[in-house]
Amino acid sequence: MSATTAPVAINTFREAVRDRVLYNLIFFALMMIGAAIIVGQISIGIERLVIINLGLSAISIFGLVMAVFIGVGLVSKEIEKRTLYSLLAKPIRRWEFLVGKYAGLLLTLVVNTSFMTIALAAALFYVGRPFVRSDSSILVAIYFILLELALVTALALFFSCFSSPTLSTLFTLGIYITGVFASDMRDVGELTGNPSLNAVTRVIYYLVPNFHNFNAIAAAGHGESIPLSLVGQNTLYAVLYVTLLLLAASAVFSKRNLK
Amino acid sequence: MRPASQTRAVGIAIVGVSLLFAAIRFLQMQIDAKTRTVEQQKEELLLRSPSAVKRMSLGYNALLADIYWTRAVQYYGNRVGTPDATFELLWPLLDIATTLDPKLVIAYRFGAIFLSEPGPAGAGRSDLAIELVKRGIAENPDQWNLNSDLGFLYYWRLQDFQSSAAAYLEGSKNPKAPSWLKMMAARVAEKGGSLETSAMIWSELRNSTQDPIVRERATQMLRGLKAQEDEMHLDDLADQYKKRSAHYPASTGELRDAGLINGIPVDPDGYPYVFGPDGKSRLNPQSTIVIPKELRTPLSPSN
Amino acid sequence: MIMTAMGTPAIEILGLTKDYSVGFWRKRARRSLDNLTLQVQEREVFGFLGPNGAGKTTTLKLLMGLIFPTAGTARIRGKSIDDVRMHREIGYLPEQPYFYDYLTARELLDYYARFSGYSAVERGERVERFLERVGLAAAGNVQLRKFSKGMLQRAGIAQAILHDPQVIFLDEPMSGLDPVGRREVRDIILDLKKQGRTVFFSTHILSDAEMLCDRVGVLAGGKLQGVGTPSEIVSVEVHAMEILFEPRDNRALPTALAGRATHMGGRYRVEVPETELYGALDSLRSTDARILSVSPVRPTLEDYFLRLVGGAQEKSRGVEVMSR
């Protein structure tokens with residue numbers, strides 16, 4: 001990271017910490033404790049599975065909420081409060097500012113997710129069975145969740161470069177849901193046999209980020225090994241898509257008049 | 001504020017909040033009285049289409065599968081043992097759970113038992129149980145347990161020994177499968193319906209399960225099968241006794257006195273067997289043992 | 001003061017124009033700044049005067065690259081305003097500044113100092129020095145959310161001058177400050193001048209400009225109305241003389257002055273055009289009046305300003321232009 005983006009990133013992380021964003025960890029910890037205690041009584045034979053599924057789902061949902069709601073405010077808050085004015089008078093380019101804000105939220109999400117991973121590991125330890133090699137797929141699933149969060153954050157940042165936080169939230173969630181249903185839509189297009197509709201759904205399928213790629217929760221729960229090639233492909237997919245979004249965001253934001 | 005008045009204010013606040021909560025609780029009970037009965041009558045699933053549930057899960061299908069499976073277990077657990085229990089929702093719940101997470105092996109395995117048990121102990125739907133397990137095998141080809149479950153269902157519920165043997169044989173092809181699967185396949189093909197084969201199937205089920213309900217059920221079955229085997233021996237002895245004494249024994253004590261047995265045989269519950277006027281042995285009326293009725297074909301004693 | 005306008009000017013503004021589009025459905029352009037051309041020399045303190053809404057903040061935001069001009073260009077120390085390297089040499093205090101309120105003043109300054117590439121040691125030393133300089137040394141560890149408006153203004157000035165920039169832009173640096181605070185800001189500006197920096201500040205408070213500036217520019221209705229030294233702008237307008245006198249033994253005033261004189265506690269004050277001064281004095285002498293003082297009426301910058309604004313507001317109705 002360059003000398004100008006790093007301070008922005010660190011400051012963004014500091015803002016999240018001082019705004020008590022990490023307090024969500026308390027809720028997560030309480031949830032994992034509650035689940036670890038209750039799960040033995042209601043779920044026969046699948047205590048571990050339930051803990052893994054619940055933990056990973058919660059890591060994903062908590063992260064998504066943070067990525068969307070902090071993400072849409074990354075830029076707009078600085079404009080609205082005019083904190084950006086004095087910053088942009090410093091020798092920093094606008095895209096450097098954007099990348100810094102992005103990296104800062106990503107750092108926040110990584111730290112947050114790391115703590116949640118520790119809580120999940122503790123809950124798994126509590127319900128028994130020492131860790132085995134197949135548990136590494138849990139870590140892969142968490143890595144995939146982080147890739148997903150990186151993508152969602154980039155989406156939120158992109159939209160917040162030209163629309164209000166409320167609209168940006170709607171756009172981001174809209175794209176997210178479209179991305180989750182992307183493969184379903186493509187299937188529908190193929191099923192109808194209508195070539196033009198099929199073409200449209202195919203375009204959407206390749207256009208929107210396909211969040212289905214990053215879902216390895218079920219596989220992790222069953223201790224299935226996730227092929228290394230998929231890890232590589234998913235990483236590359238996320239990197240490419242995030243780069244695309246950040247480039248677009250920079251292009252839009254660099255031309256924006258800060259009234 | 002002075003301390004005294006402060007204490008009073010806190011006191012008033014506590015009383016006030018408690019009163020408000022009491023009122024809210026009262027109100028909720030009134031509302032429940034009107035609505036709960038309706039709810040109980042038409043307990044149903046909001047969504048019956050498994051694929052719709054899967055789409056709506058937004059990628060959190062694994063967690064949702066656990067929730068549906070837990071609901072299925074609770075649904076079964078709340079009803080099992082109650083007279084004229086019905087299990088209409090059992091299949092949809094299992095269907096959704098296994099669609100949401102096709103690798104949820106436990107749902108196929110126990111779901112099949114819940115579905116196939118007759119009478120108040122289950123839905124009595126062996127057809128659905130077999131469909132469920134077959135789906136499980138298709139999704140989890142490496143799970144030989146499911147092949148063994150399928151063999152059990154064909155054997156015990158349908159007495160389709162040919163299909164049962166085929167299922168065991170299919171499972172035995174899995175390199176991870178234990179050797180008894182192959183043995184079972186041969187045995188079922190050769191001597192389907194024998195008490196010994198039945199006992200073997202149940203005891204394997206008991207050994208392989210971690211679920212206390214299933215284990216208890218298997219133990220009961222094995223005790224029943226043991227009693228059935230004992231009764232068959234006693235009936236043979238009673239026939240021999242009749243050849244000597246021209247009448248059926250009235251009790252197992254007479255068989256002992258005639259030197260046909262060494263002691264008084266008791267069932268796995270510890271009660272001595274009794275004889276009816278037709279010379280057939282039966283369980284002591286106080287015994288809790290249940291002789292399984294699933295095998296309608298005449299049972300040949302093992303040799 | 002005579003400027004030695006050698007070499008490149010510190011600030012060079014060429015035909016800078018900014019239209020804002022207003023209205024949601026039928027977009028119209030509202031001209032906020034109209035063809036501003038202006039040069040500020042090195043080491044000069046330049047006051048940018050004008051009422052609220054005159055276009056001062058627009059000009060500063062254009063120079064800072066926060067908004068982009070509809071037409072025109074500007075250079076600061078020879079570098080285009082699009083050039084990020086230009087920002088190394090400038091400092092900027094926005095109007096009514098607001099900073100990250102979760103930071104302390106010390107953290108805020110440290111954050112901004114990071115963009116100037118100082119080592120950690122130098123950064124720490126610098127932050128302390130400038131906290132001291134703006135009078136925030138005691139409040140260095142207080143979160144900015146607890147700062148008063150005046151303290152925020154000081155923090156804002158500190159961040160603007162923290163990296164020893166050559167050209168400093170201050171947007172309304174005195175607003176919201178109490179008299180003590182204003183004097184401190186004045187001292188800082190004079191200090192910067194002494195160090196040979198160029199200061200460009202906007203204000204609507206004229207006494208500040210009169211006191212500090214080498215030159216002032218007056219902006220109204222988006223147009224530059226005039227540029228000059230404060231005395232130039234004022235002296236152009238000196239046409240009247242003020243006579244203060246006391247009539248002898250309640251004798252009647254000379255008829256020529258009776259209508260115009262104002263009575264104040266036994267004395268009279270009268271303003272006459274410069275050309276009529278001797279005639280008026282003669283007529284006063286004829287009535288034996290005691291002449292207490294004769295002085296030129298120096299119209300304050302304020303008078304000049306009010307007249308300009310009055311005229312500009314008339315004209316500004318025509319500034320709105322149709323487009324798109």
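Trainee: Which residues does L56(A) touch, not counting residues up to four places away in sequence?

Mentor: In this predicted model, L56(A) touches L120(A), I138(A), A141(A), I142(A), I145(A), I217(A) and A220(A).

Trainee: What makes L56(A) stand out in the largest nonpolar core?

Mentor: That core has 215 residues, and L56(A) is among the four that touch the most other members, together with L87(A), W69(B) and F169(C). Helix α7 of chain A, residues 136–160, gives the largest share of this core, 15 residues. A second, separate core has 14 residues, including A261(C), V270(C), L277(C) and A289(C).

Trainee: Why is K194(C) called exposed?

Mentor: The cut-off for exposed is over 50% relative accessible area. K194(C) has 70% relative accessibility, so K194(C) counts as exposed. This residue lies in helix α5 of chain C, residues 179–194.

Trainee: Why does C161(A) count as buried?

Mentor: Buried means under 20% relative accessible area. The value for C161(A) is 0%, and therefore C161(A) counts as buried.

Trainee: How do you know that C213(C) is buried?

Mentor: The cut-off is again under 20%. C213(C) has a relative accessible area of 9%, so C213(C) is buried.

Trainee: How many disulfides are there over all chains?

Mentor: A pair of cysteine sulfur atoms must lie within 2.5 Å to be counted as a disulfide. By this rule, the count over all chains is zero.

Terms used
Residues are numbered from 1 along each chain as its sequence is written. Chains are lettered from A and ligands numbered from 1 in the order in which they are written. This is a predicted model: local features need pLDDT of at least 70, side-chain atom pairs count only at pLDDT 80 or more; totals for chains, interfaces and linings use all residues. Side-chain values use heavy atoms; hydrogens and water are left out. A nonpolar core is a set of buried Ala, Val, Leu, Ile, Met, Phe, Trp, Tyr and Cys residues joined through side-chain atoms within 4.5 Å. Buried means under 20% relative accessible area, exposed over 50%, partly exposed in between (1.4 Å probe, protein chains only). Helices (H or I, at least four residues) and strands (E, at least two) are DSSP runs, numbered from the N terminus. Contact means heavy atoms within 4.5 Å.
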